[in-house]
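Please read them with the structure open.

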Amino acid sequence: MADALPLQNPNATTAEIAQSLRDIRERKKRRANLLRHLFLIICSFVMVYPLLWLLASSLKPDAEIFGNLSLWPTNFDWANYSEGWNALVVSFTQFFWNSTLITVLAVIGNVISASFTAYAFARLEFAGKNFWFALMMMTLMIPYHIVLIPQYILFLKMGWVDTYLPLIVPRFLATDAFFIFLMVQFFRQLPRELDEAAMIDGCSPFKIYWAIILPLSVPAMATAAIFSFIGIWQDFLPPLVYLNDVKDYTVPLALRMFSSQDSVSLYGPMFAMSVLSIIPIFFFFVVFQRLIVQGIAMSGLK
Amino acid sequence: MSKIKRRTFMSRAAAAAGASVAASSLGLPAFGQDKVRIRHGWWGNPERDRRTFEVIDIFNGKHPDIEVVGETLGFNDYFTRLATQIAGGNMPDCIQQGYGVMQEYVDRGTMIPLTDYIGKTIQIDDIDESGLSAGTFNGELYGLTIGANTMATVFNKRLVEASGETFDTVTWTYDDLKRVAVAITKSSPDGVYGTDDSTADWGAFGVFAGQSGYAIQYTEDGKDFTFDTPLIIEFWNMWKDIRDAGGTPPGADSAGLAGQADLTVQGVVTGQTAITYAWSNQIVGIQGLMQDTVGAAMRPHLAGGQPGQSVQPSQFICLSRDTVDPEAATTYMNAFVHDPDMTAVLGMERGIPEVSAVRQMLAPTMSAAEATTVEYFDSIQGHVAPLAPPNPAGAREIEEAFERIAVNILLDRQSMEDTANEFMREARGILRRA
Amino acid sequence: MRKFLAKNAPGYIFLTPWLIGFFVLAIGPILISFYLSFTKYDIASPPKFTGLDNFDYMLFWDDRFWQSLKVTFAFVFLSVPGTLIFALAVAMALDKGIRAIGIYRALFYLPSILGGSIAVAILWRQLFSNNGVVNSFLALFGIQGPYWLSDPNYSLYTLVVLAIWQFGSPMLIFLAGLRAIPTELYEAAEIDAAGPVRKFFSITLPLLAPVMFFNLVLQMIEAFKTFNSAFIISDGRGNPLDSLLFFTLYLYNEAFSYFRMGYASALAWVLLLIIAAFTAVAFASSRYWVHYESDRG
């Protein structure tokens, strides 16, 4: 150690000491960053592997998918994509349109109604609040399969079976408690003083919800939007029981029609369509995850 | 490409929503049409769906007073939705059913017998006796069939040839199987074995029971079995013999395949083995997943035993109790199995036509795997057992219990006696509870 | 009276959509399933009231009920901490000051996007098959991998790995939570020469508590209700030897494969009680470790 550290050097100036402290921190930081990247890259590979596998499978002929475990297809066969798009009695143009329509409406319904309900639970005082909150949590714990049949009969009596209504309307009535709970947790994080100050200024609870809570909750909204988009886009049990006409089917339902145990399956085309089916989700994620970050920066909170 | 008839809708919601298709689904179905609307539901695959919708179009073209609409889903999804629809009283008018579970649906009262419509909307004069008796449950005709199905052994021709051993695909026995399987394991690369292991395969046990003289496996009241644990142990010992000789993958490996109906995991498809046990209507599907060519054989026979394999209907078309108009529904069902234009389109997709003349008529248009299937089907005539009576309620659960409990043998976790007793105890409980 | 209204009205007005949904769509089916749990109901014919028979059979005669509880509890206790720790670690690594952060975030979310599709089932079987990627990888180190999918001692781990691998949503929630922690706090700590470990325990963890609480409760509830992954990977059965017989899978088969909707309803209510008990404990304990900004002062 020729150039002894300024720290141990009694003759070092204050500026030198400061500089060396900065150096140490810088070096430490760089090392930490390198480690962090290494960790992330290894993780990334594990995370990306399934997508690579899916892509590879979508380029293989059926005869090669199951007997050959190697990732690399012997020859790239894009035919699965064109074949898959029109392999079923209805083209995927229709399925993607159906899924988009249902998902967009349902996501809007989810985010609006859940934020409404969550605002009541997180920021307002009213009689019976704990009781309703407990009931709300209970709906989260019931296994869906068990209410499926009573719910089906209910919608049947209402004449809603074979329409999109059972898939959309409940979303506007905050029936998915997951999102309420998610937003309650976010809203409770916002400082109380905001409401109190606004209240003193004569703002109504609606004004507070609209002008204070919502703008500050962009990250929460974005998170809820991402989760509900993914959840609804992939949901298959409700569309399965409520939609009878193939022309009304959603993408996940259509993907389940490629394989068959008592005849010919089309796995390559199914994988090709699976790849295409995650593109909207990926796109939605990339756009909205930005809001999670930006939202906080914009709000200037903290 | 067939067109699906658009349902007509009227609703203000539809008009407001604008986009035509989306709106039709958001709105409410219109009533007051003159046509009777008949729903036909089936489990399918891309090819079957295409053909069936085409058939529906043909029918609708010939019957201006009836409008048939098709509803299709994958196999597992189909039964989930059917259960929901049973509860809601909203089953399609005509539904597809399999032979194995039909009795259960009949017993639960979800179907209407066709008796009242025979000679009126349904003609049975030209349906052969075997087809009629297969569709008869509790003494009444419940289902019409358009094709037959039977078990099969599917083998990888290349691997079998490489072993140097040969066998007769019709008359071969379990001893032949052992000889061939062991030879294949020896002649194949490491990790490739002769045959899949049927220790945990209820269907294979059923064949073995038939061969051993238990053609009927359930007592008449459907609450017990005609056989007892020794028969099961004998079956397991026979397979243990093949396994110990090296003819099958290690038991622990085979355990993962127990009860897996998915074709993609079968040994002949993954390349782990050269011989897999399946059904005749799966041969074409298996071939589609493989690069090597497959051949078809009967399930092996028991030396000195009786025929154990039988021919059964592949699928029925039946009348559900929720039908809105049984006359119209049965008119469609009748056309589905008789109308030459319609049956020509359906071809052998739903099973092999039972009349050999029809099989020969279809021959020129067949793929290699389809030809293998038909050839196989022709070859087994005279070597099959009569069709056993339909399974009682609870049969599906028993099958699943067997496939679960027998894994103990493959993993060597308990003795055969204990395992057989465990199975019989659970199975009898299921029959009592059903 | 007016005062009472003024105090409560806003809350109930905001609650209205949920109340309508709850009373019109949710409560009916829930109460019906409660009634059905005391009946024998085969879906095809009307339910027959049988009193406590279902519960009697469940508790004293049904081995598979206990097996499904065992499987589910083991899964919850393995997968929930695993997912949370992994999600938090990755979220912290992704938090700030790193290049290409958006790409990483999207990549890490991929497994969650693939969800419970058929493709994932086929992929998982190929990964963990005897000559699959996992065992080939272990073989590089001279380790002879087990039969992951067919050995009942190991099969559950493949599903735990699958659950942890799909850690995208808790990660995202952690990320949002981390973003909300004021950077000044860390800067202040650095002036005090606090190391990363101390920073983590004295700043990150306490301020992340509400988010941690949310993730814990939600992951727990979801884990108890796990269905999709078990269904697709075990072909809907829970094989081998019921080692993947998750509670909801058992319940589903009872209802839809074996036509015992009454018994399945009884199972559902037992599961509900178990989840409710665990959630109640979590809420009770949260008083000691979760502090909300809005509750201060």
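1. **Chain A against chain C.** This contact takes 75 residues from chain A and 71 residues from chain C. Keep in mind that the model is predicted. On the chain A side, the elements that give two or more residues are helix 1 (14-58), helix 4 (92-123), helix 5 (129-141), helix 6 (144-157), helix 8 (177-187), helix 11 (218-234) and helix 14 (267-299). Helix 1 of chain A gives the most, with 12 residues. By class, the side of chain A that touches chain C divides into 53 nonpolar, 15 polar and 7 charged residues.

2. **Chain A against chain B.** Here 39 residues of chain A are in contact with 46 residues of chain B. Helix 2 (62-65), helix 4, helix 6 and helix 12 (237-242) of chain A each supply at least two residues to the side that touches chain B. Which helix has the largest share of that side? Helix 6 of chain A does, with 5 residues. The class count for the side of chain A that touches chain B is 21 nonpolar, 10 polar and 8 charged.

3. **Domains of chain B.** The domain assignment gives domain 1 (34-147 + 314-351) and domain 2 (149-311 + 373-433). Their C-alpha centres lie 31 Å apart. In the contact between them, 12 residues of domain 1 of chain B meet 9 residues of domain 2 of chain B. Helix 5 (residues 99-107) of chain B provides the largest share of the domain 1 side, 7 residues. That side has 5 nonpolar, 5 polar and 2 charged residues.

4. **The sheet in chain B.** An open sheet of 5 strands runs in the order 2-1-3-12-6, with mixed pairing. Strand 2 (66-73) and strand 6 (143-145) of chain B each have a single partner strand, so they stand at the edges and one side of each has no neighbour in the sheet. Neighbouring strands are turned by 25 degrees against each other on average, direction ignored.

5. **Around the sheet.** Strand 6 of chain B runs antiparallel to strand 12 (residues 316-319) of chain B, and 3 bridges join them. Gly143(B) has Cys318(B) as its bridge partner in strand 12 of chain B. Helix 4 (residues 75-88) of chain B packs on the sheet and touches strand 1 (36-43), strand 2 and strand 3 (94-97) of chain B. The direction of this helix makes about 120 degrees with that of strand 2 of chain B.

6. **A covered helix.** Helix 18 (residues 395-405) of chain B is mostly covered, with 9 of its 11 residues buried. The buried residues include the charged names Glu397(B), Glu400(B), Glu403(B) and Arg404(B). Among the others are Ile398(B), Ala401(B) and Phe402(B). What covers the buried residues includes helix 5, helix 9 (202-211), helix 19 (407-410) and helix 20 (416-433) of chain B.

7. **The nonpolar core.** The largest nonpolar core has 281 residues, of which Ile180(A), Met183(A), Ala224(A), Ile286(B) and Tyr332(B) touch the most other members. Helix 4 of chain A gives the most to this core, with 14 residues. Both domain 1 and domain 2 of chain B contribute, at least three residues from each. What does Tyr332(B) contact, leaving aside its neighbours within four places in sequence? Its contacts are Ile38(B), His40(B), Phe59(B), Ile66(B), Val68(B) and Cys94(B).

Technical notes:
Residues numbered from 1 in each chain as written. Chains lettered and ligands numbered in written order. Predicted model: local features only at pLDDT ≥ 70, side-chain atom pairs only at ≥ 80, totals over all residues. Contact = placed C-beta atoms within 7 Å. Helix = DSSP H or I, 4+ residues; strand = E, 2+ residues; numbered from the N terminus. Domains from an automatic or database assignment. Pairing = 2+ DSSP bridges. Axes fitted to C-alpha atoms, helices over the stretch in contact; angles between N-to-C directions. Buried ≥ 20, exposed ≤ 12 C-beta atoms within 10 Å, placed from the backbone. Core = buried A, V, L, I, M, F, W, Y, C linked by C-beta atoms within 7 Å.
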